[in-house]
Amino acid sequence: MRAIVVTRKGGPEVLEPRDEPDPQPGRGQLLVEVEAIGVNFRDIYEREGAGAYSADPPFVAGAEGAGTVAAVGEGVHDFRVGDRVAWAAAPGSYAERVVVEEGMAVPVPDGVSTEVAAAALLQGLTAHYLAIDTYEVKPGDPVLVHAAAGGVGRLLTQIVKLRNGRVIATTGTEEKAELARGAGADHVIGYDGFGDKARELAGGAGVAAVYDGIGKATFDESLAALRPRGSMVLYGAASGQVDPVDPQRLHAGGSLFLTRPGLPNYIATPHELRARAAEVFGWIADRRLDVHIGARVPLDDARRAQEDLVARKTTGKVLLLPR
């Protein structure tokens, strides 16, 4: 099978298209013919060897995708050959075939294409837990969503609006601003002086929450944009990791909350994973949640896909297509 191998830790040049042996499902596992693969920042952290995503090369990159079950291992009860499934955490997903643990697979319902399932799962699950659990958006809440034209940001904007919150969105270009408005953002602003602008748009007191996947470049101003007892939700580091924070800054800012959530803790059981995914896929099937696929890239061009993601040349979701 064709696969993208991380040959060593480093930049995109370490991604090498190769012919690799087909994987075989073990007990409790599915072998899936991959139809679409999600490209995510966690894939970049993985090849760089950063933090929790560090692994010893060589290994096949990636973790998210969707496809059709080709074979099942012993002890599999919930899926059969021919079922469409998606997953957000299966190592080795930059490949034509991948082995997925049964407990990490979710069924793709009618009304949701396999490509859309691959585009929506990881980022949709992330947006879901951010707006519903990490900071529970309430009607009328003004919240600041950074990178609102990106994969998570655009879905998060829509989910906040489903909960009757108010979205102040940041984007870097007018093209991306239009995408954020199309997702329902109430206000779209640039990054220059965004903290003061967000406070003003929120009525002067500040926003209830900031959803920040950018990290180092936006963190300080994001913290300053919060109202007393507001929540700083830091869920990514596209611009680099945030420097250590003195807890006294939270006190001085008005008893602020700072959290750094991660998806694994919000899909800790198969039941929680499938319930969260079912709601996201249900919104998509009902056309209440729109998934924007910004680019479809051949699998062998994975290096270019990651380079474009890091350079912020992309909008919505980038997919790799094995065929």
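Predicted model: local features only at pLDDT ≥ 70, side-chain atom pairs only at ≥ 80, totals over all residues.
Me: Which residue does Asp19 meet in a salt bridge?
Reply: Asp19 pairs with Arg2, at 3.2 Å from N to O. This pair links distant parts of the chain, 17 residues apart: Asp19 lies in strand 2 (residues 15–19) and Arg2 in strand 1 (residues 2–6). Helices (H or I, at least four residues) and strands (E, at least two) are DSSP runs, numbered from the N terminus.

Me: Is Asp19 buried or exposed?
Reply: Asp19 is exposed, with a relative accessible area of 61%, whereas Arg2 is partly exposed at 25%. Buried means under 20% relative accessible area, exposed over 50%, and partly exposed in between (1.4 Å probe, protein chains only).

Me: And where do Glu178 and Arg181 sit?
Reply: Both are in helix 4 (residues 174–182), three residues apart, and are therefore separated by about one helical turn. Glu178 is partly exposed at 45% relative accessible area, and Arg181 is partly exposed at 36%.

Me: Changing topic, at what angle do helix 2 and helix 3 cross?
Reply: The axes of helix 2 (residues 114–134) and helix 3 (residues 151–162) cross at roughly 45° and come within 9 Å. Axes are lines fitted to C-alpha atoms, for helices over the stretch in contact, and angles run from 0 to 180 degrees between N-to-C directions. The two helices are therefore oblique to each other; angles under 35 degrees count as roughly parallel, over 145 as roughly antiparallel, 65 to 115 as roughly perpendicular and the rest as oblique.

Me: Which residues make the contact?
Reply: Among them are Ala120, Gln123 and Leu130 of helix 2, and Val152, Leu155 and Ile159 of helix 3, where contact means heavy atoms within 4.5 Å. The contact residues comprise nine nonpolar, five polar and no charged. Ala, Val, Leu, Ile, Met, Phe, Trp, Tyr, Cys and Pro count as nonpolar, Asp, Glu, Lys and Arg as charged, and the others, Gly among them, as polar.

How values were computed
Residues numbered from 1 in each chain as written. Heavy atoms only, no water. Salt bridge = Lys/Arg side-chain N within 4 Å of Asp/Glu carboxyl O.
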